[in-house]
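Biologist: Before we go through this model, I would like each label tied to its cut-off. Please show me the structure and start with the terms.

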Amino acid sequence: MKKQLIVITVLILVSLPVTGQEKDSNMSFTISMKKPNTHYFDVVFRCEGIIDETIDFKMPSWAPGYYRIQDYARNVLNFQAEDGSGNCLPWEKVTKNTWRVKSGMSETVTVSYSVFAFRISVADPYLDDSRGFIPPTGVCMHVANKIEHPVTVTIIPYSKWTEISTGLDPVANAPNAFFAPDFDVLYDCPILLGNQEILTFDFQGIPHHIAIEDLGNFDRGKFIGDFRRIVESATSIIGEIPYKHYTFIIMNRGMGGLEHRNSMAVYYNPASLNNSRGYMRWLSFITHEYFHLYNVKTIRPITLGPFDYDKENYTRMLWVSEGITVYYEDLILNQAGFQDRSDCQEQIRRNIMNHENIAGHLFQSATEASFDTWIQFFNREPDGSNRTISYYDKGSTLGLLLDLKIRHESENQKSLDDVMRRLYYEFHKEKKRGFTDEEFQEVCEQFAGCPLDEIFYYAETVATIDYPKYFAYAGLTIDTVAIDVQGGYLGCTLQERDGELTISGVEWNSPAWNDGLSSGDEIISINGKQTTREELDEILDSGNPGDTLHFIITHRDIEREIAVVLSKKKICNFFIEPVTDPDSLQMAILNDWLREY
Ligand SMILES: [Zn+2]
């Protein structure tokens, strides 16, 4: 395996792009970590042949795929600069993430700094004596306007570690050294250092490495086999694998995952793999991050690359990049034989319910949720679901509508797969750019052979979606009739801790909302009695619309009495069933869309 990697590296080195590289210029990082328990990476960034009076060194403000301003510069300390003879060069900060070095036409400028790394997330650097995680956006500076410059990274790992896992190409004959043709590639290749286990498989002659912490006694053969099935199923949709090697970086205990062009970085909880339901949910998550190698890394909205690492890169299309990736999770797992048709339909039902049964769907469209992700996605305030939506949930449903409509209009000759392939080959490979919002709609309409204004109107507005019309294309019915929920409706989410019952959220237009309860209120008593969460659930289950609950609460430490009159809650279940007498087109669409095992 290593031998194969080295051969690949040599080929890449031979065909080094010269764009952006000044004559005889060279950039290299050395990253060390002598005392990992202090959580500091020590970084040396040497630039040769970048000759100017001043050079601006910049730290990215965010990481692609993680749509939030991270301000990685906040972790930097001990910044120093020197010339090739070791003389100190003066510098000053000129923006929050820019260090301007007065380089005075020096041939060589070396900057060094430390990075504090102690936040567990897929987009933050982390270091202790069990693991080093380097998302390069959070550790490696770049020279302003030299993003296209090639760069090498040499890692000096902690003495007790044996493994370095990354999507970067290794440099031939240079231990622990890696190469990136430009900083976009460097910033897209996280590096895991530690004693993680490496499982390897080949698919179509391409090596895939699973770098995983703490797998315990899980059956390795099954694990590798399942990953291979996902790779086979996902890559068959597009028909081309755009990488020379792929690394799954899987870390123990944490949240989230982040996609990259030839790797992913995810956290997991090993205990969750011990039951089949948990394992299937996890495979779905892995499938999601993996399919992003197409949808968002290569098939991408035009504003998502090349990136401006200094500030927000806005797009209204995350419902496509994220939502349609969610939609493909089920299709890929179905094609790979992990999920049968009813499993997929159940997941589709849940996505629709998640979206339709929160008030946010009345106020925020999918395109607005995409645009505002920078200020809203990671900022989940108590009333978040009252005014915002998930573009994952609504986007996956919009993907489904597009797929079924294209299949119906083309008499089952075309599907959303054709759209994805066209976007990959025409925009990514030929035009070497992303697509505009209008171009995405045009490609969808080319395969449908008709206007798709209604679906794009659903994306841009909060209009009520005509689900039955679209499910009927596959010979399915969907139950959109609102039904009464048994019991009395209050409209609070609750938290119980150390015997204190607190309101953590209040639903828009619910009795709690209308009669004066607030998130953060501590419930002292209900109807004169101290009440646990379980007891309140029982009161509501056996209650009726019109019942009055007398709350004593404290709001910002002031005691109040509030009477709430319960009402009736209505929900839609969106049960999906086959029609009794499907026609031949409906049967063909259903059978091609979701396999029945
Ligand atoms: Zn995603």
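Modeller: Contact means heavy atoms within 4.5 Å. By that criterion, residues 24 or more positions apart account for 70% of the contacts in the protein chain with a separation of 6 or more. This is a predicted model, where local features need pLDDT of at least 70 and side-chain atom pairs count only at pLDDT 80 or more, while totals for chains, interfaces and linings use all residues. Residues are numbered from 1 along each chain as its sequence is written, and side-chain values use heavy atoms, with hydrogens and water left out.

Biologist: How many helices and strands are there in the protein chain, and what makes it as compact as a globular protein of its length?

Modeller: The protein chain has 17 helices and 29 strands, taken as DSSP runs numbered from the N terminus (helices: H or I, at least four residues; strands: E, at least two). Its radius of gyration is 27 Å, close to the 25 Å that the globule rule gives for 597 residues, so the chain is as compact as a globular protein of that length. The radius is taken over C-alpha atoms, and the rule is 2.2 Å times the number of residues to the power 0.38. Along its principal axes the C-alpha trace spans about 85 × 65 × 50 Å.

Biologist: Why is Gln 441 called buried?

Modeller: Buried means under 20% relative accessible area, exposed over 50%, and partly exposed in between (1.4 Å probe, protein chains only). Gln 441 has 18%, so it is buried. Its place is in helix 12 (residues 437-448), and it touches Leu 452, Asp 453 and Phe 456, leaving aside residues up to four places away in sequence. Of the 597 residues of the protein chain, 54% count as buried.

Biologist: Why is Thr 548 partly exposed?

Modeller: Its relative accessible area is 35%, therefore it is partly exposed. Thr 548 lies in strand 26 (residues 548-555). Not counting residues up to four places away in sequence, it touches Asn 527, Ala 563, Val 564 and Val 565. The C-alpha atoms of Thr 548 and Glu 92, 456 residues apart along the chain, are separated by 65 Å.

Biologist: Which phi values do Asp 214 and Val 296 have, and is each buried or partly exposed?

Modeller: Asp 214 has a positive phi of about 60° although it is not a glycine. It lies in the loop between strand 17 (206-212) and helix 3 (220-238) and, at 49% relative accessibility, counts as partly exposed. Val 296, also not a glycine, has phi near 125°. Its relative accessible area is 7%, so Val 296 is buried. Val 296 is found in the loop between helix 4 and helix 5. Pro 306 is found in the loop between helix 4 (276-291) and helix 5 (318-335), and the peptide bond from Gly 305 to Pro 306 is cis, with omega near -5°.

Biologist: What makes a set of points a cavity, and how many are there of 30 Å³ or more?

Modeller: On a 1 Å grid over the protein atoms alone, a cavity is a set of points where a 1.4 Å probe fits but cannot get out; lining residues have an atom within 4 Å of a point. The count comes to four cavities of 30 Å³ or more. The largest has a volume of about 70 Å³, and its lining residues include Asp 372, Phe 377 and Arg 380.

Key. 1 Å grid on protein atoms, 1.4 Å probe; cavity = no way out; pocket = protein on both sides within 12 Å on 5 of 7 lines; lining within 4 Å. Points joined across faces, edges and corners; volume = space filled by probe spheres on them.
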